[in-house]
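Subject: Handing over a structure

Dear colleague,

I am passing this structure on to you, and below it you will find my notes on what turned up. Please read them with the model open beside you.

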Amino acid sequence: MSNPILPLHPPGPTRRVRHELLRRDVQVRHVRPLGSGLLAVTFGGPALAGFVSLSFDDHVKFFFTDADGREQRRDYTPRHFDTDRQELTLVFALHDGGAASAWAQGAQVGDTAEIGGPRGSIIIADDLPWYLLAGDATALPAIARRLEELPAGTPTTVLLHTPHEQDHKALPERPGLNLRWLPSGEALCDAVRNLDLPAGDGFIWCAGEAACMARLRDILLLEHGRPRSHVKVSAYWKAGATDFHEDLA
Ligand SMILES: Cc1cc2nc3c(=O)[nH]c(=O)nc-3n(C[C@H](O)[C@H](O)[C@H](O)COP(=O)(O)OP(=O)(O)OC[C@H]3O[C@@H](n4cnc5c(N)ncnc54)[C@H](O)[C@@H]3O)c2cc1C
C-alpha cells in the first residue's frame with residue numbers, strides 16, 4: 001500500500017497574491033485630522049491609475065523628502081483607494097521624533113511624494129466564524145479597513161491601545177463589533193491573555209510595537225494554544241529603531 005503524500009502545512013485561510021511593483025508620483029489632495037493623534041492624508045494623480053490593494057494587511061512604501069532634504073521611505077497601510085477619483089488615503093499615527101510623522105503634520109495640498117507597491121497581498125478569508133484584531137495606533141488604519149470589508153454581523157473583537165482614547169472614533173461602527181480601548185501595551189497583552197476566545201477557528205491579526213507584539217505572539221500561540229495558521233502578528237515599528245518591519249507569526 002502506498003503512503004499518501006501529506007502536505008507539510010494544512011491549507012490555511014490565507015492566500016498570497018503578487019503585484020507588479022511600481023513607484024508612483026502623487027500629490028496631496030486633502031489633509032484631515034482624525035481625533036488628536038491621527039492624520040488622514042489623501043493623495044491623487046494620474047500615476048495612481050491601476051493601483052490595486054487587495055487586503056487590509058497590505059502596505060505601500062511611502063517615499064518623501066524629510067526636513068533636511070533627504071529622501072526617506074516608510075511603510076503605510078492603504079486605508080482607502082477611490083478608484084473613480086484615483087485617490088489613495090493613508091492614515092498617519094502622529095508621534096515625536098519621526099520623519100514621516102513630521103512630514104504628515106506639515107503636509108499641504110499640492111505637496112509631492114511617491115508611493116511604491118503594494119508588492120503583494122496576503123488575503124485572509126472573510127468567512128471564518130470570528131475575528132480578533134489587536135494593535136496600536138499604527139494598526140488602526142488596517143483594523144478600520146478590515147471592519148469596513150468584513151461581512152456585516154461577523155463577530156469581531158477589536159483591542160486597541162492608542163495614546164488617545166478618542167482615537168477609536170476613527171473606526172467604523174458595525175453590528176457584531178466588540179471594541180475595547182486599552183491604556184498601554186501591557187494592558188493590551190493582559191486583555192488578550194484574559195480573553196475567553198470563542199470556539200472554532202477564528203482568525204487573529206495583530207500589529208504594533210515589536211516588543212509588545214512578540215509578547216502577544218507568545219500569549220496567543222503558547223498560552224492560548226491557537227493554531228499558527230490562524231494567527232498573524234507583525235511588528236509595525238520598534239522603540240528606538242527607524243523604519244522597522246518584522247512578521248512574527
Ligand atoms: C506593514 C506596515 C504597515 C504600517 N501602516 C501604518 C499606518 O497605516 N499608519 C501608521 O501611522 N504607521 C504605520 N506603520 C508604522 C510606521 O511605518 C512606523 O511607525 C514608522 O516608523 C513611522 O515613521 P517615522 O518616520 O514617523 O518614524 P521613524 O523615523 O521610523 O522612527 C523615529 C522614532 O520614532 C519611533 N516611532 C516610530 N513609530 C512610532 C509610533 N507610531 N509611535 C511612537 N513612536 C514611534 C521609533 O521607534 C524611533 O525611535 C506601518 C508599518 C508597517 C511595517
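A residue is called buried if 20 or more other C-beta atoms lie within 10 Å of its own, exposed if 12 or fewer do, and partly exposed in between, with the C-beta atoms placed from the backbone. By that definition Asp243 is partly exposed, because 14 other C-beta atoms lie within 10 Å. Asp243 sits in the loop between β14 and β15, and it has a positive phi of about 50° although it is not a glycine.

Please keep in mind that this is a predicted model, in which local features need pLDDT of at least 70 and side-chain atom pairs count only at pLDDT 80 or more, while totals for chains, interfaces and linings use all residues. Residues are numbered from 1 along each chain as its sequence is written.

The chain as a whole

The protein chain has four helices and 15 strands, where helices (H or I, at least four residues) and strands (E, at least two) are DSSP runs numbered from the N terminus. Its radius of gyration is 19 Å, close to the 18 Å that the globule rule gives for 249 residues, so the chain is as compact as a globular protein of that length; the radius is taken over C-alpha atoms, and the rule is 2.2 Å times the number of residues to the power 0.38. Along the principal axes, the C-alpha atoms fill a box of roughly 65 × 45 × 35 Å. Of the 249 residues, 35% count as buried. Among contacts between residues at least 6 apart in sequence, 68% join residues at least 24 apart, a contact being two residues whose C-beta atoms, placed from the backbone, lie within 7 Å.

The domain assignment gives domain 1 (16-120) and domain 2 (125-247), with bounds that come from an automatic or database domain assignment. The C-alpha centres of domain 1 and domain 2 lie 22 Å apart, and the contact takes 14 residues from domain 1 and 18 residues from domain 2. On the side of domain 1 that touches domain 2, β5 (71-76) and β7 (87-93) each supply at least two residues, and β5 gives the most, with three residues.

Where does the ligand lie? Domain 1 and domain 2 both give residues to the shell around the ligand, so the ligand lies between them. The shell holds 26 residues, of which the closest are His59, Thr77, Ala93, Gly98 and Ala100; a residue is near a molecule if its C-beta atom, placed from the backbone, lies within 6 Å of it. The elements that give two or more residues to this shell are β5, β7, α1 (99-105) and β14 (231-237).

A sheet and a helix

Six strands form an open sheet of mixed pairing, in the order β12-β11-β10-β13-β14-β15, where two strands pair if DSSP finds at least two bridges between them. Strands of a sheet pair through backbone hydrogen bonds, either parallel or antiparallel. β12 (177-182) and β15 (246-247) stand at the edges, each with a single partner strand, so one side of each is left without a neighbour in the sheet. Strand β11 (residues 156-161) runs parallel to β12 and is joined to it by six bridges, and the bridge partner of Thr157 in β12 is Asn178.

How many of the 10 residues of helix α2 (residues 140-149) are buried? Eight of them are, so α2 is largely enclosed by the rest of the structure; among the buried ones are Leu140, Ile143 and Leu147, and also Arg145 and Arg146. The buried residues of α2 pack against β3 (38-44), β7, β10 (131-136), β11, β12 and β13 (203-209).

Some local details

Gln86, in the loop between β6 and β7, also has a positive phi, of about 55°, although it is not a glycine, and Gln86 is partly exposed, with 19 other C-beta atoms within 10 Å. Asp82 is found in strand β6 (residues 80-82) and counts as exposed, because it has 12 C-beta neighbours inside 10 Å. Asp82 and Gly44 are 38 residues apart in sequence and 9.6 Å apart in space, C-alpha to C-alpha. Finally, the peptide bond from Gly117 to Pro118 is cis, with omega near 5°, and Pro118 lies in the loop between β8 (112-116) and β9 (120-124).

With best wishes
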